[in-house]
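Subject: Structure for your review

Dear colleague,

Please find below the structure that I am handing over to you, with its sequence. My notes on what was found in it follow directly after.

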Amino acid sequence: MIDYKLKVEQELLIWKQKMTRQSGPISRVAKTAQTKINGLLPEKFHKVMTESIKNMVKATLVGSNLTTKKRSLTSMSLYERDELFKEKLSTFRKTAVIEGAGTGAGGILLGVADFPLLLSIKMKFLFEVAAVYGFDTNDSEERLFILHIFLLAFSSEEKRKETLLIIENWQQQKYVVADMDWREFQQEYRDYIDLVKMFQMLPGIGAVIGAFANYNLLDQLGETAMNSYRLRLLQS
């Protein structure tokens with residue numbers, strides 16, 4: 001167990017370096033372009049999008065909490081939790097791939113449905129991961145932590161660094177970040193996935209792109225969630 005803990009600590013160091021390193025030139029150019037586009041959009045659009053995604057996420061949080069089994073896993077070692085996590089990730093990744101291929105094959109019409117479907121898969125996955133690592137999602141604090149994991153996984157370089165600091169110091173920060181900045185949340189997420197999801201709507205190749213994109217998005221979310229909960233367990 002001591003050897004495994006040392007292994008995890010080394011993996012956490014590598015992960016934190018990855019999360020804080022500078023984005024590549026393509027990512028920076030894309031973010032600059034998206035920021036300019038967002039600045040040209042009317043304020044009413046931003047308000048509508050913020051409220052829509054806020055309500056969508058909150059509904060998903062409630063549904064995910066109700067359907068997640070709150071099993072007692074207090075006796076499990078970190079190694080056992082990580083192994084159970086890998087099983088969960090494999091299952092949800094397959095679901096996301098099927099969803100991406102299906103909506104991608106349907107072109108623009110089903111592409112519109114992809115956003116809420118994929119969002120619900122991701123949120124349900126995070127609730128299951130929280131349970132694996134022994135955290136009770138009946139607690140509003142834990143649901144707020146889940147939102148920060150989500151933001152950490154799908155945000156720009158600057159926001160990613162800021163969110164990582166919050167997660168690393170959650171015991172203190174949870175009293176500071178009493179609620180989510182929903183406008184920032186929706187804008188970061190949309191900016192992150194807009195480009196790949198636009199390609200998913202292309203006829204002929206949409207199914208392949210959708211499946212590939214969703215596989216990678218779940219992988220990224222999984223890595224972020226696993227290491228975020230590892231940090232908390234090792235600090236407790």
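Helix H6 is largely enclosed by the rest of the structure, because eleven of its 14 residues are buried. Please bear in mind throughout that this is a predicted model. The buried residues of H6 are Glu142, Leu144, Phe145, Ile146, Leu147, His148, Ile149, Phe150, Leu151, Leu152 and Ala153. The helix covers residues 140-153, and the distance from its first C-alpha to its last is 20 Å, close to the 20 Å expected at 1.5 Å a residue.

As to the setting of this helix, the chain contains ten helices and zero strands. Read from the N terminus, the order of elements is therefore α-α-α-α-α-α-α-α-α-α, with helices defined as DSSP runs. Of the 236 residues of the chain, 45% count as buried. Among contacts with a separation of 6 or more, 81% are between residues 24 or more positions apart.

At the start of H6, a side-chain oxygen of Asp139 comes to within 2.9 Å of the backbone nitrogen of Glu141.

Both aspartates can also be placed relative to Asn65. The C-alpha atoms of Asp136 and Asn65 are separated by 9.5 Å, although the two residues are 71 apart along the chain. For Asp139 and Asn65, 74 residues apart along the chain, the C-alpha separation is 10.0 Å. Asn65 itself is one of the buried residues of H3.

Tyr175 lies in the loop between helix H8 (170-173) and H9. With a relative accessible area of 65%, Tyr175 is exposed.

Helix H3 has 25 residues, and from its first C-alpha to its last it reaches 36 Å, close to the 36 Å expected at 1.5 Å a residue. Its buried residues are His46, Thr50, Ile53, Val57, Thr60, Leu61, Ser64 and Asn65.

Which residues lie nearest the centre of the second largest pocket? They are Leu61, Ser140, Arg143, Leu144 and Leu147, out of a lining of 15 residues. The elements that give two or more residues to this lining are helix H3 (43-67) and H6. The space in the pocket is about 280 Å³. By residue type, the lining divides into eight nonpolar, two polar and five charged residues. Of the residues named as nearest the centre, Leu144 and Leu147 are among the buried residues of H6, and Leu61 is among the buried residues of H3.

Two buried arginines

Arg93 is found in helix H4 (residues 78-105). Its relative accessible area is 18%, and because the cut-off for buried is under 20%, Arg93 counts as buried. The side chains of Arg93 and Asp219 are joined by a polar contact of 2.5 Å. Leaving aside neighbours within four places in sequence, Arg93 is in contact with Tyr215, Leu218 and Asp219.

Arg190 lies in helix H9 (residues 182-200). At 8% relative accessibility, Arg190 is likewise counted as buried. Its side chain makes a polar contact of 2.8 Å with the side chain of Gln186. As background to this pairing, an α-helix has 3.6 residues a turn, so residues three or four places apart point the same way.

Yours sincerely,

A colleague

Notes: Residues numbered from 1 in each chain as written. Predicted model: local features only at pLDDT ≥ 70, side-chain atom pairs only at ≥ 80, totals over all residues. Heavy atoms only, no water. Helix = DSSP H or I, 4+ residues; strand = E, 2+ residues; numbered from the N terminus. Buried < 20%, exposed > 50% of the residue type's maximum accessible area, 1.4 Å probe, protein only. Polar contact = N/O pair within 3.5 Å; in protein donor to acceptor, adjacent residues only side chain to side chain. Expected span 1.5 Å × (residues − 1). 1 Å grid on protein atoms, 1.4 Å probe; cavity = no way out; pocket = protein on both sides within 12 Å on 5 of 7 lines; lining within 4 Å. Points joined across faces, edges and corners; volume = space filled by probe spheres on them. Nonpolar A, V, L, I, M, F, W, Y, C, P; charged D, E, K, R; others polar. Contact = heavy atoms within 4.5 Å.
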